[in-house]
Structure formats: C-alpha cells, structure tokens
Amino acid sequence: MKRVYITDKVTNPDIEKEVFGDDLSPELHEGIEVLLVWHHKITNEYIDKLPNLKALVRYGVGYDVFQDLEYIKSKGIYASNTPDYGTDEVSDTAIAMIMNIARGITRYDYQCREYDDGSWQTNTLKYIKRTSDYKLGVIGAGRIGGSVLLKANALRFQTHFYDPYLSSGTEKMLGAKRFDELDELLKTCDIISINAPLNKQTNAMIDEEFISKMKPGSSLVNTARGAIVKDLDVFYEPLKSGHLNCVSLDVLPSEPPQSCKMIEAWKAKEKWLDGRFIINPHSAFYSDKAYFEMRQKAALNVKRVLDGKKPINIVNGLD
C-alpha cells in the first residue's frame, strides 16, 4: 500500500520519488502514514480521516499550517518542519534589503527620474550614514537571524539583537550586543530586521504600539513570517509622516496582498513613498539549490518514518 501523500503544490514529485519510490500515493486514502505538506491547512477534521497517520512533514520552516499542535500530539502523530534548507538565501535577502535602506538605492532610483542636468549629483539623501554608523537590530537570532548578524558584522554595521529564547553567551558567538528588553532595541536601532518564528508571542507583534516605540526615522525589514505584522496599514501613517523611513517585506499578513490603503498607495507608486516601501512575493527562500534541498530534506525525513525511525525537527514536542 502506498503510504505517503503530498497535500499540495508539488506537481512533479521526481525528487520525492527518488527518496521513497513507490510509497508515494497519487490520492489520499485511509492507509496514508505520512503527509508532506506545503500550504494546505491541516485541521483536526483532516487528521481524523487518516487513522494510520504517523507523521506530518512541512516542506518549509513555518509550521502554522498545522492548526492544532496539541491535538496532533494527543493523537501520537509527529509534526516536523524543514528549517535548514534556505538559511543563506533568506539572510542574504534580509542583508540586501538592509543595504538598500542604508545606501538609499531604490529611493535614488525613484527620485532621480526628475533630476535635471544641473542637479544630477547634488540631490543626495541627507540621512545616509556610513555603514559602520548604523545600528542594526535583529529580532530572533536563530539560524537565519544569526546569519544576518554575522553577515552584517562583516559589513561593519553595529549589530544588536533581542531573543529571549537563546542561552546566555550567544551574544559572544554572534559578536553582537544583546538586549534583554525589546523596547530598548526598538528605540536604539536605525534598522530592525524581523527573523523570529510565528507563535503566540509574535503573532501580530508589529502593530501601532510596536512602531510607535521604534526610533524616529528608523526602518523595518521582515523576511520571517507575514502574520508577525498585524496588517499592512500599520505602516501607512508612520511612512507618510516620516516616523518610518523605509519598510521592506518579503512576507505579508495575507498573500497575495489584500486591498488596503498601504497596498493601494504602493500599487499606484504614490510619490510620497518614493521607493521606501518594498515588497517581494515571498521569494527569499528560493534559489535553485535551496528549492531542491528543501524537498530532498523533507523527503528524507519522511523516509525515516517509513523505516520506523523518529523524524527530525519535531515541532509538537512528541518524544
């Protein structure tokens, strides 16, 4: 009996078949033992239809598609993610967005279309500082956030982070100043990079109050999870007033973006935004090698279950 089912997105499972061969089923049935999940929401009702289910393996890092981890655990089912396939890709994207803010690249691109011959080189952005004078703050210094900090160190940023879950001494390994209070990080740093997981504490964390505590004229980058932002309109007035300088997002609260004031201004390329609000279509994870690695690692984790072993990267606490 075919024991594995891919819930969504993968139309050509060549990589997966290379790992576990004929165990892949083209359809869902009661004998399925492992689900490979991309974006499909795994509800309790969905699980109840699969009496032989042993494990859920998420293709990516985030696992909020598993809607009730406690219920999954109570059923004796492992829930795992695949956290280590695109660390460099995501951290490189964050660094690119940070460097864009620090050097004003998209702002210059937008503004210089209206420069004339007499002012071409004189219209510099007066807030631009030497990179070593910028204070960068990272929220969440795990695999990706730690990589952002190490790369930013090499570029000579002054690096800081907030992560209440990391052990004492991590700051020495990362070569960054650690803040014990989030508010202190927000009021200190010129650029904030969000690299935290989505959980009860971080869900909708970036709201009006969060932004009001940020240093005036500072900027924000989010390459983590879209739902960490309450909604996109929280950026509208702070960007318009100048309290926020730039916002760069790879992930959004809903994807594709729903209509709101911020999105309408972005689509219309309103002049006051002048290259300060950047959106990528949730693409930071991707390179040709990372995409292959993600699918292969997820499939190899499934193979462990089929071979009677525990999966790795268990996220629901099942021993």
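Is Ile105 buried or exposed? Ile105 comes out at 52% relative accessibility, so it counts as exposed (exposed means over 50% relative accessible area, buried under 20% and partly exposed in between, with a 1.4 Å probe and protein chains only).

## Ground rules

This is a predicted model, so local features need pLDDT of at least 70 and side-chain atom pairs count only at pLDDT 80 or more, while totals for chains, interfaces and linings use all residues. Residues are numbered from 1 along each chain as its sequence is written, and side-chain values use heavy atoms, with hydrogens and water left out.

## Around helix H5

Back to Ile105: its place is in helix H5 (helices are DSSP runs of H or I with at least four residues, strands are runs of E with at least two, and both are numbered from the N terminus). Ile105 and Leu136 are 31 residues apart in sequence, and their C-alpha atoms are 18 Å apart in space.

## The second largest pocket

The second largest pocket holds about 280 Å³ of space. A pocket here is an open set of points on a 1 Å grid over the protein atoms alone, with protein on both sides within 12 Å along at least five of seven lines; a cavity, by contrast, is a set where a 1.4 Å probe fits but cannot get out. Points are joined across faces, edges and corners, and the volume is the space filled by probe spheres set on them.

The lining of this pocket has 14 residues, and Tyr110, Trp266, Lys269, Gly275 and Phe277 lie nearest its centre (a lining residue has an atom within 4 Å of a point). Helix H5 (105-111), helix H11 (261-267) and strand S12 (277-279) are the elements that give two or more residues to the lining. By type, the lining splits into seven nonpolar, two polar and five charged residues.

## Aromatic rings

There are eight aromatic pairs in the structure. Rings of Phe, Tyr and Trp (its six-membered ring) pair if their centres lie within 6.5 Å; planes under 30 degrees apart are stacked, over 60 edge-to-face, and the rest tilted. One of the pairs is Tyr134 with Phe157, which is tilted, at 6.3 Å centre to centre and 45° between the planes. Tyr134 sits in the loop between H5 and strand S6 (135-139), and Phe157 in the loop between helix H6 (143-154) and strand S7 (158-162), so the pair ties together parts 23 residues apart in sequence. Both Tyr134 and Phe157 are buried. Tyr134 also has Lys129 over its face, 5.1 Å from the ring centre (a charge sits over a ring if NZ of Lys or CZ of Arg is within 6 Å of the centre and within 35 degrees of the ring normal).

Then there's Tyr236 with Trp272: the ring centres are 5.2 Å apart and the planes at 80°, so this pair is edge-to-face. Tyr236 belongs to helix H10 (residues 236-241) and Trp272 to the loop between H11 and S12, so parts 36 residues apart in sequence get tied together. Tyr236 counts as buried, at 11% relative accessibility. Elsewhere, Trp38, Tyr59, Phe285, Tyr286 and Tyr291 form one aromatic cluster.

Glu255 and Pro256 are joined by a cis peptide bond, with omega about -5°. Pro256 is in the loop between strand S11 (244-249) and H11.

Asp274 is not a glycine, yet its phi is positive, at about 30°. Asp274 lies in the loop between H11 and S12 and counts as buried at 9% relative accessibility. Lys9, also other than glycine, has a positive phi near 75°; its place is the loop between strand S1 (4-6) and helix H1 (14-20).

Ser80, in strand S5 (residues 78-80), is buried at 0% relative accessibility. Its side chain reaches the backbone oxygen of Ile312 at 3.0 Å. Such a polar contact is a pair of N or O atoms within 3.5 Å; within protein, one must be able to donate a hydrogen and the other to accept it, and residues adjacent in sequence count only if both atoms are side-chain atoms.

Asn195 is in the loop between strand S9 (191-194) and helix H9 (208-212), and is buried with a relative accessible area of 11%. Its side chain makes polar contacts with the side chains of Ser193, at 2.8 Å, and Thr223, at 3.3 Å.

How values were computed: Nonpolar A, V, L, I, M, F, W, Y, C, P; charged D, E, K, R; others polar.
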